[in-house]
Amino acid sequence: MKWVGGVSRRTFLGLLLAWGIGLLLSGCSWTPQTAETEIYFMRHGETTWNKARKLQGALPHPELTPFGVKLAEEAADGMRAQGISFDRVYASPLRRAWHTAEIVAAKCGTPPLADARIAEMNFGVYQGTSSAPEAYADDNIRAFFQAPEKYEPRGPGAESFDDVGARVAEFLEKELKPQEGRSRRILCVTHAFVLRALLRHLSGAPLTDLYKGPKSPNCGVHVLRLKNGKFSVKETGRIFYDPALTKKLGAF
């Protein structure tokens, strides 16, 4: 009989089996140190207010346009064609993101889970006003787009850029980080300014550089890697539909 580390092979195998059963009974799992999780952060499809160039913010009602639905469907088809599927799907509870997540998840994943931490920034009194430079409501919203460090939140529920960054950071740490090794790939469907807050948080860039990062076209994706408890940016601005369609889109 062969021996392993001073005990018989039969005894060694018995101990190994007992250890594995113990882990299962305790609800624990073992994950190789080389395991990593990919996280796809997707902006929702085009909405009626994107097309009208109006700030949506935390308002729930702007719907996807037929073109926005088409983008989501084509993005889902493109992912599926590349063998991409998702073990978990999260979405902002706002209708435009939730609808997009439903479309993609129907083809590439499980039913979405709502999480308000990735809902769009609340613009307060500026929700419903123009996002077109020639029609800004006042100098404060102009600063929002041109000098974000000078922007002042105004109105009930209005958020600062740091407010949004804080809740995005909490989502990463408390919701996504525990998924490392348990989920191979995760989809999070969210909004333009959440995506800017995400990239700013990960890079540590000052607020003055907010608009120097990559843009986020509708249904465009930023891919993160989660490994050994750390997030890193793997790819930005990836699209899974015909690139010619981006010519019809505005991107923040």
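# Briefing: helices, cores and loops of a predicted model

The accessible surface of this chain comes to about 12,500 Å², and 54% of that area belongs to carbon and sulfur atoms. Please keep in mind as you look around that this is a predicted model. The chain has 252 residues, and 46% of them count as buried. Its secondary structure consists of seven helices and eight strands. Among contacts with a separation of 6 or more, 70% join residues 24 or more positions apart.

**The nonpolar cores**

- The largest nonpolar core holds 32 residues, and the members that touch the most others are Ile-39, Phe-41, Phe-144, Leu-176 and Cys-188.
- At least two residues of this core come from each of β3, α5, α6, β6, α7 and β7.
- Apart from this core lies another one of 28 residues, including Phe-67, Met-79, Ala-101 and Ile-103.
- As general background, nonpolar side chains in soluble globular proteins tend to be buried together.

**Helix α7**

- Helix α7 runs over residues 192-203, and its 12 residues should span 16 Å at 1.5 Å a residue; the end C-alpha atoms are 17 Å apart, which agrees.
- Its buried residues are Ala-192, Phe-193, Val-194, Leu-195, Arg-196, Ala-197, Leu-198 and Leu-199.
- Those buried residues pack against the helices α5 (139-146) and α6 (161-176), and against the strands β3 (37-43), β6 (185-190), β7 (221-227) and β8 (230-238).
- After α7 comes Gly-204, with a positive phi near 75 degrees.

**Where α6 meets α7**

- The axes of these two helices come within 9 Å and cross at roughly 75 degrees.
- Since angles of 65 to 115 degrees count as roughly perpendicular, that is the description that applies to α6 and α7.
- On the α6 side, the residues in contact are Phe-161, Asp-162, Val-164, Gly-165, Arg-167, Val-168, Ala-169 and Leu-172.
- On the α7 side, their partners are Phe-193, Val-194, Ala-197, Leu-198, Arg-200, His-201 and Leu-202.
- Ala-169, in helix α6, has a relative accessible area of 16% and is therefore buried, as the cut-off is under 20%.
- Ala-169 and Leu-202 are 33 residues apart along the chain, and their C-alpha atoms are separated by 8.9 Å.

**Helix α4**

- Helix α4 has 14 residues (95-108) and reaches 20 Å from its first C-alpha to its last, close to the 20 Å expected at 1.5 Å a residue.
- Buried in α4 are Arg-96, Ala-97, His-99, Thr-100, Ala-101, Ile-103, Val-104, Ala-105 and Cys-108.
- The cover over these buried residues includes β3, α3, β4 (88-91) and β6.

**The loop between α2 and α3**

- Arg-53 sits in the loop between α2 (48-52) and α3 (66-81).
- Arg-53 has a positive phi of about 60 degrees although it is not a glycine.
- For context, most residues other than glycine have a negative phi.
- With a relative accessibility of 41%, Arg-53 counts as partly exposed.
- Pro-60 is found in the loop between α2 and α3, and its relative accessible area of 49% makes it partly exposed.
- Not counting residues up to four places away in sequence, Pro-60 touches Leu-94 and Arg-95.
- Pro-60 and Leu-94 are 34 residues apart in sequence, and 4.8 Å apart in space from C-alpha to C-alpha.

**Two other loop residues**

- Asn-228 lies in the loop between β7 and β8, and its phi is positive, near 55 degrees, in a residue other than glycine.
- Ser-160 belongs to the loop between α5 and α6.
- Leaving aside neighbours within four places in sequence, Ser-160 is in contact with Met-121 and Pro-153.
- Ser-160 and Glu-149 are 11 residues apart in sequence and 9.7 Å apart in space, C-alpha to C-alpha.

Terms used
Residues are numbered from 1 along each chain as its sequence is written. This is a predicted model: local features need pLDDT of at least 70, side-chain atom pairs count only at pLDDT 80 or more; totals for chains, interfaces and linings use all residues. Side-chain values use heavy atoms; hydrogens and water are left out. Helices (H or I, at least four residues) and strands (E, at least two) are DSSP runs, numbered from the N terminus. The expected span of a helix is 1.5 Å times one less than its number of residues. Buried means under 20% relative accessible area, exposed over 50%, partly exposed in between (1.4 Å probe, protein chains only). Contact means heavy atoms within 4.5 Å. Accessible areas come from the Shrake-Rupley method with a 1.4 Å probe; for residues, only the protein chains shown count as cover. A nonpolar core is a set of buried Ala, Val, Leu, Ile, Met, Phe, Trp, Tyr and Cys residues joined through side-chain atoms within 4.5 Å. Axes are lines fitted to C-alpha atoms, for helices over the stretch in contact, and angles run from 0 to 180 degrees between N-to-C directions. Angles under 35 degrees count as roughly parallel, over 145 as roughly antiparallel, 65 to 115 as roughly perpendicular and the rest as oblique.
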